[in-house]
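Let's take a walk through this fold together, strand by strand and then out into a loop. Have a look at the model first.

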Amino acid sequence: MANNVLTLTKDNFEQEVLQSDKPVLVDFWAPWCGPCRMVSPIVDELANEFDGKIKVGKVNVDEQGELAEKYRIMTIPTLMVFKGGNIVDTVIGARSKEEFSNMLNKHL
């Protein structure tokens, strides 16, 4: 995991995501999920490219069932953009880096 990608848990989610003054990209994933493994390096690259403009975090749904349930994660990978504590965008499934970049740029 890139060093500027947060590992999000139920203990830090509110502070890191809901109270963030920047948009936050949250990747809901699991280690056994093939498409998640395809998206993971893209998310790491986006974290570097958007460093300082957005925050990026990952939620392992196997370890953080409470968060997965709260945000009704039925399919992974699910990537959500939070802004001002609210979900402003959601993408389910693997996408190109360009699609994710465009989604993030809309919320800057």
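Valine 24 sits opposite lysine 55 in β3. These two strands, β2 (residues 24-29) and β3 (residues 55-60), run parallel and are joined by six bridges; strands count as paired if DSSP finds at least two bridges between them. Helices (H or I, at least four residues) and strands (E, at least two) are DSSP runs, numbered from the N terminus. The model is a predicted one, in which local features need pLDDT of at least 70, side-chain atom pairs count only at pLDDT 80 or more, and totals for chains, interfaces and linings use all residues. Residues are numbered from 1 along each chain as its sequence is written, and side-chain values use heavy atoms, with hydrogens and water left out.

Now zoom out to the sheet. It is open, has five strands in the order β1-β3-β2-β4-β5, and shows mixed pairing. β1 (5-7) and β5 (86-92) are the edge strands, each pairing on one side only. From one strand to the next, the twist averages 25°. Helix α2 (residues 34-49) packs on this sheet and touches β1, β2, β3 and β4, with contact meaning heavy atoms within 4.5 Å. The direction of α2 makes about 155° with that of β3; axes are lines fitted to C-alpha atoms, for helices over the stretch in contact, and angles run from 0 to 180 degrees between N-to-C directions.

Finally, visit the loop between α3 (65-70) and β4 (78-83), where proline 77 lies. The peptide bond from isoleucine 76 to proline 77 is cis, with omega near 0°. Arginine 72 is found in that loop too, and its phi is near 50°, a positive value in a residue other than glycine. Most residues other than glycine have a negative phi, and most peptide bonds are trans.
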